[in-house]
Amino acid sequence: MHTHEAFMEHTLRLALRGTGKVSPNPRVGCTIVKEGRIIGEGWHREFGGPHAEVDAFNRCTEDPTDATVYVNLEPCAHIGKTPPCAPLLMGKSIKTVVIAMQDPNPLVAGKGINQLREAGIEVIENICQEEAFWLNRTFIKHILTGMPYVIGKIAQSLDGCIATASGESQWITCEESRHEVHRMRGEFDAVMIGRGTAEADNPSLTIHSVPGRNPIRIILDTHCSLPMTLNVFNDEYRGLTLYCHGDNCNQHERPAQLKELGVRTIPCSMGEHNHIDISSLLITLGREFGIGSILVEGGGILMQELMEHSLLDELHLFIAPIMIGQGKKAAGAYTASTLEEAYRLNCKGVLKSGDDIHVITVKSS
């Protein structure tokens, strides 16, 4: 006999198939089970497309009357881009609905569960809740705060250097780690770098050798000093580039030149250290541009800013088995005066990545 957990784990795997295609919506899977057999399964395949429940019923192999439906997020009860799913389940004479977690969206937030129970459908909650929360962590923060979930990525040596003293950084980590970073780019909405990384590495910030969409590319250049020849300003994906500059540079010719190339520009208010106010920028990116998640790939100054303002939600460290010594540090000049003031993260997992170690950490609550 299959357990609720086993069918929910299957449902979570289905939800993963929507990675990189449904944001800013959540990743949702649905499994329909009758007499211990899966008779239908589906997932949210693309933004604006049918929800997971609709997809699963469309693929049912037999009558779902009295079946049990597994879904990793509470069925919606409001009309958005598609009709609500709670009434759909009610209309199919479903006996039981098993849910991993309640939808944090204020438009739903328990309403779907209440509708199902009022219709006489048994609802079982919080099955694989922790796994479901992790799967949709970026959606949860964005829907509750309007701000994007921020993931830092650092490729460093054993002694915490992201480059040599002269600035050489390609490549500290191995090919397997770089492949994983490309996969991560395809998972999240946008990738962000600072001026130093853009100028030193001239990256394209696209994905290679993995399936998925290219992310929006966010380039921070406070004083409009980056050269126009960079890949992110000239390649075929330049329409995906957001050029963020200090609002004291509004009269500078660079933003106007980039606009002519098809690059979108954002004037940003200034904060401490004569840098772009990163907190204000994240609010703009989340609320005005609909960006729900950002992978920050450097450099040290940008990581320093995020940590100083407690804005780093998650950090992925790719640690190569090399020692550099007097090199550039991963967190720039970030300094904790005492251990109590140190930026605290909890370890989520440690993986082997070729010859490297991949450490996944999340911000301590």
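Hi everyone, and thanks for coming. A word on ground rules: this is a predicted model, where local features need pLDDT of at least 70 and side-chain atom pairs count only at pLDDT 80 or more, while totals for chains, interfaces and linings use all residues. Residues are numbered from 1 along each chain as its sequence is written, and side-chain values use heavy atoms, with hydrogens and water left out.

Let's begin with the aromatics. A pair of aromatic rings is described by the distance of the centres and the angle of the planes. Here, rings of Phe, Tyr and Trp (its six-membered ring) pair if their centres lie within 6.5 Å; planes under 30 degrees apart are stacked, over 60 edge-to-face, and the rest tilted. How many aromatic pairs does the structure hold? There are two. In one of them, Phe7 and Tyr70 have ring centres 5.2 Å apart and planes at 40°, so this pair is tilted. Phe7 belongs to helix H1 (residues 4-16) and Tyr70 to strand E3 (residues 68-71), so the pair ties together parts that are 63 residues apart in sequence. Helices (H or I, at least four residues) and strands (E, at least two) are DSSP runs, numbered from the N terminus. Phe7 and Tyr70 are both buried, where buried means under 20% relative accessible area, exposed over 50%, and partly exposed in between (1.4 Å probe, protein chains only).

Now Phe233 and Tyr243: their ring centres are 5.6 Å apart with planes at 85°, so we call this pair edge-to-face. Phe233 sits in helix H9 (residues 231-234) and Tyr243 in strand E10 (residues 241-246), so the pair links parts ten residues apart in sequence. Phe233 counts as buried at 0% relative accessibility, and Tyr243 is buried with a relative accessible area of 0%.

Arg17 lies over its face, 4.7 Å from the ring centre, and the charged end of Arg45 sits over the Trp43 ring, 3.7 Å from its centre. The rule is that NZ of Lys or CZ of Arg is within 6 Å of the ring centre and within 35 degrees of the ring normal.

Back to E3, the strand that holds Tyr70. Strand E1 (residues 29-34) runs antiparallel to E3, with four bridges joining them; strands pair if DSSP finds at least two bridges between them. Ile32 has Val69 of E3 as its bridge partner. Four bridges also join E3 to strand E4 (residues 96-99), and these run parallel, with Val71 partnered by Ile99 in E4.

Just after H4, Gly120 takes a positive phi of about 85°.

Last stop: Ser157, in strand E6 (residues 149-157). Is Ser157 buried or exposed? Ser157 is buried, with a relative accessible area of 0%. Leaving aside neighbours within four places in sequence, Ser157 is in contact (heavy atoms within 4.5 Å) with Ile172, Ile319, Ala320, Ile322 and Ile324.
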